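Please read them beside the sequence and the coordinates.

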Amino acid sequence: MRFGFNFWLGASLTALVILAGVLAPWIAPFDPVLDADLMSSELPPDATFWFGTDGQGRDVYTRILYGAQISLTVGIVSQVINSVIGVTLGMTAGYWGGWWDDLVNGLTNVMLAIPSLIFALAVMAVLGPGLPSLLVALGLTNWSWTCRIARSSTLSLKSQGYVQAAQTLGYGDLRIMFTQILPNMMGPILVMATLGMGSAVLSEAALSFLGLGIQPPFPSWGSMLTDARQLIQLAPWVAIFPGLAIFLSVLGFNLLGDGLRDSLDPHMRTRKP
Amino acid sequence: MTAPLLDIRNLRLGVALGRSVHHPLLKDVTFQIMPGEAYGLVGESGSGKSITSLAVMGLLKKPLAVTSGEILFKGQNLLSRPKREMRRLRGNRIAMIFQEPMTALNPLSTVGRQIAEMFVLHQGRSWGEAERLAVEALGNVRVPNPDRRAKNYPHQMSGGLRQRVMIAMALACNPDLLIADEPTTALDVTVQAEVLRLIKELCAARGTAVLFISHDLGVIASICQRVGVMYAGCLVEENETRALFENPRHAYTRGLLGALPRLGSRSAHGRQRLVDIDSIIADRSTLTETRFIAPRGPEGGQP
Amino acid sequence: MTAPLLQVDDLHVRFPISGGGLFGTGRRMLHAVNGISFDLAKGECLSIVGESGCGKSTTALSILGLQEPTEGTIRYRGQPLAGPGAPGRMQRAKAVQMVFQDPYASLNPRQCVRTSLAAPLKLHGITAASEIEGRIEAMLKNVGLTPEQARRYPHEFSGGQRQRIGIARALILEPEIVVLDEPVSALDVSIRAQIINLLLDLQEKLGLSYIMISHDLSVVEHMSDRVLVMFFGEVVEEGGWRQIFETPTHPYTRRLIAAIPDPDAALNPVAAAFAPDATLPDGRRFVSDGSAAPDVFKPPVPSALVEIAPGHRVRLASTA
């Protein structure tokens, strides 16, 4: 399999975010919450505070490193939930068809008709703010495209000879789905999940910005932007660096997804004669 | 002896990466097609028969490229012609039909209009006249109710009818050469027989030469006067059809013919075991070292 | 007289097709298979021939339990194989297996040969590693592959080798009946002979019964003991292979045989002299001459299979 430039750029950016999040406790010069010092607030970037300090005098660089943990958790966990829901519904609907298929299709269409951020807002309003409810909200709202892809892949894979062969060999339906169908549609599902991570990071930022996501004083890139609102004229670095972090990580996830899609595309694969 | 219509000389073709050429796909392929002659290229998948036809049409896609040799059509080398001129030639003087007509027809346009387009494009006729000619052309390929059928879209037709439409389009401008690449492989046997008969009769009546490409020896035998057998990018044997089937000289040809269950070969006493090609060919890598090209008869290949 | 291995009796398969109309009011029934009956004896190769849409594949799928019959019974050793009282997939798997047409689509690209052969064995309760290994090794040898090739994935094999793997997978549970769905038509010409020879060898060695679905009459003549000719859901002619190929009677059978692109027939047109006739010499009529398609949405015209020679039956118009 050959990966293109996009894939490697995306993979590098994603790796950078992962490293930042994982290594934050060791490489961050300060504590993201406790090292608040109003005496040194709103300092521009210098040798001590690389990205400057925010309104409470906390180091922006430290908070961005820790914010990567939140963004990664949100991106990965919400996409795992999305993929599990989407694949389970889509695969069973495609395989069994009938009333179950109609039901899942109807549900998918309803989900697609509601803007996912609005739906997430509603879920957050019910569950209350905080990381766990954020994960649930984002995990429950974005499975419809995964579901559609899983369903259509299943429909096309179902007619493949090896699925029929498995039926004649006595395999049960669930065994066929998990051993014959699922492994052969992992490519597109993985791509969807990677692309979805980018939008989950954005949604987290948006919800936190609206005050429904991660609660202060814990650092998330979205909540950092909220805090930066009043300071944007005085201390633009407080807004610029979290914004840049969101931009680069979303770009990274998207490029990674695109790159994966290109290299998993069956037309790009060589088939030996 | 008349001059050949298509004269392919030492054609070599490969995958071009940068300046170097890797993986030669055709090795010194040479054959001639006389005006009005039906010439068959037979071979298995990957033997190079289809890329030969694409090279003639000037439709090779990168990274495939001709590395040496000549393709002379009516004495002019097609390889050195400008693209614009090749485009004028395609469909007009050299036409092609494919295995799957659905991919070659525009699904959003009626078949009548698509045939008419050939007349407008290549003969500069008015649309009104072209559409009348299109109905006529459909009648010529024995499509029942051509007036009504001309208004159909490709998906409303069966595979056999679509292939007839393709033939009507290909023969619309009375080309000198028709290239048919496995045109009946996707069809049912009885439909295949009708389509083959149609190609044979129409081309004979108009004096159109045919380059017929197939993996099926039976199909080739029923339509071609002369056959070339391709293996691994080489033309390993060429002869008059009857002579080739009755007296195959190349080991590969013999293997192919023996591997084919033949109708009537089984008797009440039992069946003959089919020839396993690997049992007569010990080493496939030496297959292309020998070639048997029979000289043309004095009649120059005319039917 | 011993009971036949497989008995198909008056098999009907109909599909509902929604033919437009706002609330599916235009729902029509597509008559795919109309009353097929046949027996399959142990060790016999029965071919079902016909062109696309004739119902031969639907018949095969019904036998395999992949398509529920609308009417009729399929019995294996006297026990129902489809419909009410039918066994589950597990028992059926040991009775009937299938070899698929396309060797590229019929193997899971993500399973190595060993896995695709071992999984069915494990599923059917064979868990001892030594027995699994032994059976896989023996099976690979049977189909002309080496045990070392078991670790490889489908894409590492050629079309012919893949078809051998497909045959191995069909035989690993030691079924008595194997449905061959166009087993060689997707293969290169020089490979076909090898697979045909292999299938005939295995049939003899393992005492298999084949039901072959094919449109390639040269292959059918070479392999079959008996032949059913199907035309739009009905058997129009059935008989031993010599009866079908030497004295074809139904106009459709004649058309089929005359249409075979056989080099000998093409070069010596005398061989293709089976002109379709509308009537038998004694004046009995055929329902269709096989040139025009009947309306598949209507129940078929009443007709009956009439014996014209021992074991040779032809569909004629009902005299009633």
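1. C224(B) is in no disulfide, and the nearest cysteine sulfur, that of C203(B), is 10 Å away. C224(B) counts as buried, at 6% relative accessibility; buried means under 20% relative accessible area, exposed over 50%, and partly exposed in between, with a 1.4 Å probe and protein chains only. In chain C, the closest cysteine sulfur to that of C45(C) is in C54(C), 16 Å away and too far for a bond. C45(C) is buried as well, with a relative accessible area of 0%.

2. Basis of the values. This is a predicted model, in which local features need pLDDT of at least 70 and side-chain atom pairs count only at pLDDT 80 or more, while totals for chains, interfaces and linings use all residues. Residues are numbered from 1 along each chain as its sequence is written, chains are lettered from A and ligands numbered from 1 in the order in which they are written, and side-chain values use heavy atoms, with hydrogens and water left out.

3. Chain pairs. Two pairs of chains touch, and the pair with the most contacts is that of chains B and C; contact means heavy atoms within 4.5 Å. Chain A and chain B are joined by no contact, and their closest C-alpha atoms lie 8 Å apart.

4. Chain A overall. Chain A has ten helices and zero strands, and its pattern along the sequence is α-α-α-α-α-α-α-α-α-α. Helices (H or I, at least four residues) and strands (E, at least two) are DSSP runs, numbered from the N terminus. Taken along the principal axes, the C-alpha atoms of chain A fill a box of roughly 75 × 45 × 30 Å. Of the 273 residues in chain A, 49% are buried. For contacts in chain A between residues at least 6 apart in sequence, 72% join residues at least 24 apart. Chain A has an accessible surface of about 12900 Å², and carbon and sulfur atoms account for 70% of that area. Accessible areas come from the Shrake-Rupley method with a 1.4 Å probe; for residues, only the protein chains shown count as cover.

5. Helices α7 and α8 of chain A. How are two packed helices described? By the angle between their axes and the distance between the axes. Helix α7 (residues 161-168) of chain A packs with helix α8 (residues 173-209) of chain A at an angle of about 170 degrees, and their axes are 10 Å apart. That makes α7(A) roughly antiparallel to α8(A). Y162(A), V163(A), A166(A) and Q167(A) make the contact from α7(A), and I176(A), Q180(A), I181(A) and N184(A) make it from α8(A). By class, five residues in this contact are nonpolar, three are polar and none is charged. Ala, Val, Leu, Ile, Met, Phe, Trp, Tyr, Cys and Pro count as nonpolar, Asp, Glu, Lys and Arg as charged, and the others, Gly among them, as polar. Axes are lines fitted to C-alpha atoms, for helices over the stretch in contact, and angles run from 0 to 180 degrees between N-to-C directions. Angles under 35 degrees count as roughly parallel, over 145 as roughly antiparallel, 65 to 115 as roughly perpendicular and the rest as oblique.

6. Two residues of α8(A). S203(A) lies in helix α8 of chain A and counts as buried, at 12% relative accessibility. Apart from neighbours within four places in sequence, S203(A) is in contact with L117(A) and L138(A). L190(A) is also found in helix α8 of chain A, but counts as partly exposed at 41% relative accessibility. From L190(A) to F119(A) the separation is 71 residues in sequence and 24 Å in space, C-alpha to C-alpha.

7. Chain C overall. Chain C has ten helices and twelve strands. Buried residues are 52% of its 320 residues. Of the contacts in chain C between residues at least 6 apart in sequence, 67% join residues at least 24 apart. Chain C exposes about 13100 Å², with 53% supplied by carbon and sulfur atoms.

8. Backbone angles to check. N10(B), in strand β1 (residues 6-17) of chain B, has phi near 45 degrees, a positive value in a residue other than glycine. N10(B) is partly exposed, at 44% relative accessibility. F232(C) has phi near 45 degrees, again a positive value in a residue other than glycine. F232(C) sits in the loop between β9 (226-231) and β10 (234-240) of chain C, and is partly exposed with a relative accessible area of 26%.

How values were computed: Disulfide = S-S within 2.5 Å.
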